[in-house]
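Good morning, colleagues. Please have the sequence and the model in view while I speak.

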Amino acid sequence: KNFVLQDHMFETPGSWSLPDHLYEVSGWSATCTKTGDPMSCHSSDMPTERHPGDTVPFAWTDITWLLHRHHVSWAYYLDHGAVTVNLKNLGATSIHWNPLPGFTDVHKDKQLGSMRPLSVFYKSARAGTLPKVSWVMPDFKDSEHSPALVSTGQAHVTKLINAVMRGPDWKSCAIFIDWDDWGGFYDNVVPPKVDALSYGIRVPGLVISPYAKTGYLDHQVLSTNAYLKFIEDDFMGGARLNPATDGRPD
């Protein structure tokens, strides 16, 4: 009623959580055969996962590389600040939903400190000191991921949005809410085929902002790549994640 529903938003890869979250920060999901060598990476919907023997498997370029180069502040907030590989650990964020520590450019730029606990988000929202670009990731309990309750996830997201709305930064904010997949088995809208990986199933997309059109249904075909383009256009003068211009080969 009050903001925008994107009713043709699609999961970017026709795959699972890790590739989707890689797309959300970099526009790509890949496997790299040589550590730290972006030219060894090739498209894959089963990318190498972070593990103790390979903590930095993602050698290609993510959006934080451009944000750092353009002096644009950013943060990646984690529910309770904890990360886990155990689905039964409901009080921690899945490692698949926190890909940035696995990117070589994040380490090169010394930006690991931009991964922060959610408590910092709430403090910044109250103080009006949120970074220009923020991602907020739930823990399992707040994620709507089975066996968690959808109602718990909805309450969590509402609390996040209210924190921004009641803070000084609200007047210049755009909040994008998206899901990396969903639990249904049928949708009447067939995903468009644009390349070997894209697109996946249709998912909800919401835009909440003082600048959003009231009660608007956006029928554009979109994926989370559109959020990257928005960041690039809004904060970096249209700079693109592109090896021809971003200073890193891919």
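This is a predicted model: local features need pLDDT of at least 70, side-chain atom pairs count only at pLDDT 80 or more; totals for chains, interfaces and linings use all residues.

Now to strand E4 itself, which covers residues 74-78. With E7, strand E4 pairs in the parallel sense over three bridges. With E8, which also runs parallel to E4, there are five bridges. Tyr-76 stands opposite Met-115 in E7, and Tyr-77 has Arg-116 of E7 as its bridge partner. Towards E8, the bridge partner of Ala-75 is Ser-134.

Are the residues of E4 buried or exposed? Five of its five residues are buried, and the strand is thus described as mostly covered. Trp-74, Tyr-76 and Leu-78 point one way from the strand, while Ala-75 and Tyr-77 point the other way. The residues of both groups are buried.

Gly-113 is found in the loop between helix H3, residues 104-108, and E7. Its relative accessible area is 57%, and Gly-113 therefore counts as exposed, the cut-off being over 50%. Gly-113 and Tyr-76 are 37 residues apart along the chain, and their C-alpha atoms are separated by 9.3 Å.

The second residue I wish to show is Ser-94, in strand E6, residues 93-94. With a relative accessibility of 5%, Ser-94 counts as buried, because the limit is under 20%. Which residues does Ser-94 touch, if those up to four places away in sequence are not counted? They are Val-83, Thr-84 and Phe-140.

I turn next to the helix pair. Two packed helices are described by the angle between their axes and the distance between the axes. For helix H4, residues 118-127, and helix H5, residues 150-165, the angle is about 35 degrees and the axes are 8 Å apart. The crossing of H4 past H5 is left-handed. On the H4 side, the contact is made by Leu-118, Phe-121, Tyr-122 and Ala-125. H5 contributes His-156, Lys-159, Leu-160, Ala-163 and Val-164. By class, the residues of this contact divide into seven nonpolar, one polar and one charged.

Finally, the sheet of four strands. This sheet is open as well, with the order E9-E10-E1-E11 and mixed pairing. Strand E9, residues 175-178, and strand E11, residues 216-218, are the edge strands, and each pairs on one side only. The twist averages 20 degrees from one strand to the next. Within the sheet, strand E1, residues 4-6, pairs with strand E10, residues 205-208, in the antiparallel sense over three bridges. Val-4 stands opposite Val-207 in E10. Helix H6, residues 225-235, packs on this sheet and touches E1, E9 and E10. The direction of H6 makes about 165 degrees with that of E9.

Thank you for your attention.

How values were computed
Residues are numbered from 1 along each chain as its sequence is written. Side-chain values use heavy atoms; hydrogens and water are left out. Axes are lines fitted to C-alpha atoms, for helices over the stretch in contact, and angles run from 0 to 180 degrees between N-to-C directions. Helices (H or I, at least four residues) and strands (E, at least two) are DSSP runs, numbered from the N terminus. A crossing is left-handed if the near helix is turned anticlockwise from the far one by less than a right angle, and right-handed if clockwise. Contact means heavy atoms within 4.5 Å. Ala, Val, Leu, Ile, Met, Phe, Trp, Tyr, Cys and Pro count as nonpolar, Asp, Glu, Lys and Arg as charged, and the others, Gly among them, as polar. Two strands pair if DSSP finds at least two bridges between them. Buried means under 20% relative accessible area, exposed over 50%, partly exposed in between (1.4 Å probe, protein chains only).
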